[in-house]
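Subject: Structure handover

Hello,

Here is the structure we spoke about. My notes on it follow below the entry.

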Amino acid sequence: WEGTGQAEVAKGRAFSIAGPAPAVGSILDHPDLVWCEDEEWGQERVVEAEERIRMQGGVLKPYQAQRLQRNAGRNWHHFYLRNENRFYKNRHYLHRVFPELHPATSWPSPGAPLRLLEVGSGVGDAVLPLLSVHPGLVVHAFDFAQSAVDILRAAVEGGGWGHRCDAFVHDVAAGELPPHALGVDLVLCMFCLSAIEPADLPRVAKKLHDALRPGGKLLLRDYGRYDEAQLRFRKGSRIRDNFYVRQDGTRAYFFTSEELEEVFTAAGFAVEENEYIRRQYANRAERTARYRVWVHAKFRRRE
């Protein structure tokens, strides 16, 4: 990364967010593209999505939802026992879409270590690539699945980053963060808040706000409303509106940007970025397009 400057950071972020030139119509009509921005989103697509959700049937009974809540940690623990580090791909793009994570930005100040708290780290698909490119990064990473933390610890030691990353088991919805993980510059939430009981999110947001130093930022990406993953759920999967259980017992909520703004501003944050990312992905073999929707946000703790 020597010699990498602000122009490269800006260029990388623009490509990672905007992607290739938007396709007109379906991505299937553009054989050279793997994905493109979804410029076709509109009210017709919303109506179609709502109809698919209606066909998913009613919500689970309260006792079923409560059992899933009690077993949330155990279900994720078994998920990582089965899949280890093979399920999620490493996220090599984070230092481009969030310039605060790029080693060339010298944020928050030149020469100072950058302290990061990652929520729901899993096996390290976010922090391991970041540790490899940012020599000044110091990470506190936690997950409530012991199996995930064990895999992450082994990878950290194998990469020689043990002095810059500590991984620990913690349920952010149930307990207080340990003192050594407080006062950080950044909090990273990558597709993890969607796994939390929605009613717990305001309390979690306040904990993460308090974990940041004044002026620190929370960086977030997660599932957005009407994502293809939401629309593919079948009957018997809806815990409540927009909150689902997968076949393995893990759960996922699908956010709107308005919900995120309401929750995080109530917790004391100022909004820097809050938008949808809508993309089309092509399956050339099956001649089908997948329509993905994510939320991308950046919230700042006020000085």
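A residue is called buried here when its relative accessible area is under 20%, exposed when over 50%, and partly exposed in between. The model is predicted. With that cut-off, strand β11 (residues 288-301) is mostly covered, since 10 of its 14 residues are buried.

The sheet

β11 is one of eight strands in an open sheet, ordered β1-β10-β11-β6-β5-β2-β3-β4, with mixed pairing. The edges are taken by β1 (35-37) and β4 (165-169); each has a single partner strand, so one side of each lacks a neighbour in the sheet. From one strand to the next, the twist averages 20 degrees.

In that order β11 sits between β10 and β6. On the β10 side, 14 bridges join β11 to strand β10 (residues 269-283), and the two run antiparallel. Phe269 has Arg301 of β11 as its bridge partner. The two strands form a hairpin with four residues between them, and Arg287 in the turn has a positive phi of about 55 degrees.

Helix α8 (residues 201-211) lies across β2 (114-119), β5 (184-190), β6, β10 and β11, and runs at about 140 degrees to β6. The loop between β5 and α8 contains Asp200. Is Asp200 buried or exposed? Asp200 has a relative accessible area of 13%, so it counts as buried. Its side chain makes a polar contact with the side chain of Arg203, at 3.1 Å. Leaving aside residues up to four places away in sequence, Asp200 touches Gln69 and Ala173.

Nonpolar cores

The largest nonpolar core has 39 residues, and the members touching the most others are Leu94, Leu101, Leu116, Val139 and Leu188. Helix α6 (residues 127-133) supplies the largest share of this core, four residues. Which residues does Leu101 touch, not counting those up to four places away in sequence? The contacts of Leu101 are Leu94, His95, Leu114, Leu116, Leu130, His134, Leu186 and Leu219. Another core, of 38 residues, lies apart from the largest one; Leu60, Ala173, Ala211 and Val295 are among its members.

Positive phi values

Glu84 has a phi near 50 degrees, a positive value in a residue other than glycine. Glu84 is in the loop between α4 (72-83) and α5 (94-97), and with a relative accessible area of 39% it is partly exposed. Tyr226 also has a positive phi, near 75 degrees, and again is a residue other than glycine. Tyr226 lies in the loop between β6 (212-223) and α9 (228-231). Its relative accessibility is 14%, so Tyr226 counts as buried.

Regards

Notes:
Residues are numbered from 1 along each chain as its sequence is written. This is a predicted model: local features need pLDDT of at least 70, side-chain atom pairs count only at pLDDT 80 or more; totals for chains, interfaces and linings use all residues. Side-chain values use heavy atoms; hydrogens and water are left out. Buried means under 20% relative accessible area, exposed over 50%, partly exposed in between (1.4 Å probe, protein chains only). Two strands pair if DSSP finds at least two bridges between them. Axes are lines fitted to C-alpha atoms, for helices over the stretch in contact, and angles run from 0 to 180 degrees between N-to-C directions. Contact means heavy atoms within 4.5 Å. A nonpolar core is a set of buried Ala, Val, Leu, Ile, Met, Phe, Trp, Tyr and Cys residues joined through side-chain atoms within 4.5 Å. A polar contact is a pair of N or O atoms within 3.5 Å; within protein, one must be able to donate a hydrogen and the other to accept it, and residues adjacent in sequence count only if both atoms are side-chain atoms.
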